[in-house]
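Student: I have a structure to read and would like to go through it feature by feature.
Tutor: Ask about one feature at a time, and each answer will give the general idea and then the case here.

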Amino acid sequence: NIQRTMAAIPQLYSGLLQLAVAASQMPIGVIVGAVTERVCRRGNRSHARSRNVAIKIAIAHVSVSFLLGKDNMPTSWGSLGPFSSSNERTIDTEILAIFFLRLVLFASGTIVGAALQPVGLTGGIATGKSTVSSLFQQSAENKDSDDKSDEEVEFIIIDVDGIAHDILLPKTMAKDESVYDRLIAEFGTEILTKEEEGRDKNATPPIIDRRKLGDLVFPDRQKRKKLNSITHPTIIKIMFKRILLEGLNLGSYFSNNPKSNNKERRRVVCVDIPLLFEGGLPMRMLFGTVIVVACNATLQLERLQKRNPDLTLEQCKQRIASQIPVETKARKAHVVIRNDDSLKELKDRVRQVKVDVAEVISGSQRGVELSWMVIGLGVLALTLS
């Protein structure tokens, strides 16, 4: 028994190693899928579809060659397929299962990678970003204009500021995670709303007053850094989860909504994120397309004072100064929406940007799905072998 057990150990080790290698194909597929989609968005739009189809065929060919390669398959399989010059044709069930497992995991990874391609919508405080976000969500049917060019475009907005609001709530009230207790431990109970007289102490705990928290941290850079170190990881985690769920659009398979099941409707996942550039390079790399809403500095200050009349001029300037200048953000953006004029002119600009971005993200310009190309070439490799 001991001898049989010892003899089985190498086989067990080999099997576990093969499973580990197979499992690694999914994260590799995520990276390949994400990079491929990012590359296909770049370059001249003329002949974009033909170019992107050619790129995906080439990447699928290289990917299947890798999955069939001698370094990734047992020796009895490593020389199979149209990507090898050998005439060896030894196939067994175990090797076939391993290849299909790798193929499916890699293709699944490319689907996830393609889904992780949100558009970033940002700007400075009081530049009109929230207005643009609302306009993106409006359907063409709600417009007074006869132009219905964007009626088949659906922008799914993930509101990061809304997430930031939610995580400040007590655990019993928050939709996802909460940093309520950590913020009170760091900044004290003075950031809470005042308790009303006669209020039941066993009722819902007092919420964090965002204005008090802002007044405390905006003048102090170190306190702002501490606040960000507490809130940003939780915000990013929730944001990633929502990007993936909306990008994969799994809800459409279980929905009776005609719009959700409309395959012709171009769908764009857009993240409304005020501090995109302040989040550093990793945050910027997440977004293949960045839209910045900008206006001149004088108008920005006027709008902030009008929106928040309880703030002093100095407080308004502090809030603007705490962010990267909006013109600097505009220079780094892929698309800039100027909001220096009337609401009507802003609506016209947003409508055009909406159509243009949707064509790049989810229109015919994308070409074919990389996952289907990988599976198709994988099956073809087996057939020809």
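Student: Does K344 count as buried, partly exposed or exposed, and at what relative accessibility?
Tutor: Buried means under 20% relative accessible area, exposed means over 50%, and partly exposed is in between, using a 1.4 Å probe and protein chains only. K344 has 60% relative accessibility, so K344 counts as exposed.

Student: What kind of model is this, and how are residues numbered?
Tutor: This is a predicted model, in which local features need pLDDT of at least 70 and side-chain atom pairs count only at pLDDT 80 or more, while totals for chains, interfaces and linings use all residues. Residues are numbered from 1 along each chain as its sequence is written, and side-chain values use heavy atoms, with hydrogens and water left out.

Student: What average pLDDT does the chain have?
Tutor: pLDDT is the predictor's confidence in each residue, from 0 to 100. The chain averages 82, and 79% of the residues score at least 70. Over residues 71-90 the pLDDT is below 50, although this stretch has 44 contacts in the model beyond near neighbours in sequence. A contact means heavy atoms within 4.5 Å. Where pLDDT is low, the predicted coordinates should not be read in detail.

Student: How many helices and strands does the chain have?
Tutor: Helices (H or I, at least four residues) and strands (E, at least two) are DSSP runs, numbered from the N terminus. The chain has 15 helices and 5 strands. Of its 385 residues, 40% are buried. Among contacts with a separation of 6 or more, 73% are between residues 24 or more positions apart.

Student: Which residue does K344 pair with in a salt bridge?
Tutor: Side chains of opposite charge can pair when their charged atoms come close. A salt bridge is a side-chain nitrogen of Lys or Arg within 4 Å of a carboxyl oxygen of Asp or Glu. K344 pairs with D348, with the closest N and O atoms 3.6 Å apart. Both residues lie in helix α14 (residues 343-362), 4 residues apart, which is about one turn of the helix. D348 counts as partly exposed, at 36% relative accessibility.

Student: How many salt bridges does the structure hold?
Tutor: There are 14. One of them is between the side chains of R267 and E246, at 2.9 Å from N to O. R267 is in strand β3 (residues 266-272) and E246 in helix α9 (residues 221-248), so this pair ties together parts that are 21 residues apart in sequence. E246 is partly exposed, at 28% relative accessibility.

Student: How many aromatic pairs are there?
Tutor: Rings of Phe, Tyr and Trp (its six-membered ring) pair if their centres lie within 6.5 Å; planes under 30 degrees apart count as stacked, over 60 as edge-to-face and the rest as tilted. A search of the whole structure finds 2 pairs. One of them, F136 with F155, is stacked, with 4.4 Å centre to centre and 10° between the planes. F136 belongs to helix α5 (residues 129-137) and F155 to strand β2 (residues 153-159), so the pair ties together parts 19 residues apart in sequence. F136 is buried at 0% relative accessibility, and F155 is buried at 5%.

Student: Where does M373 lie, and which residues does M373 touch?
Tutor: M373 lies in helix α15. Not counting residues up to four places away in sequence, M373 touches K56, I57, A60 and V368. M373 and I59 are 314 residues apart in sequence, yet their C-alpha atoms are 9.0 Å apart in space.
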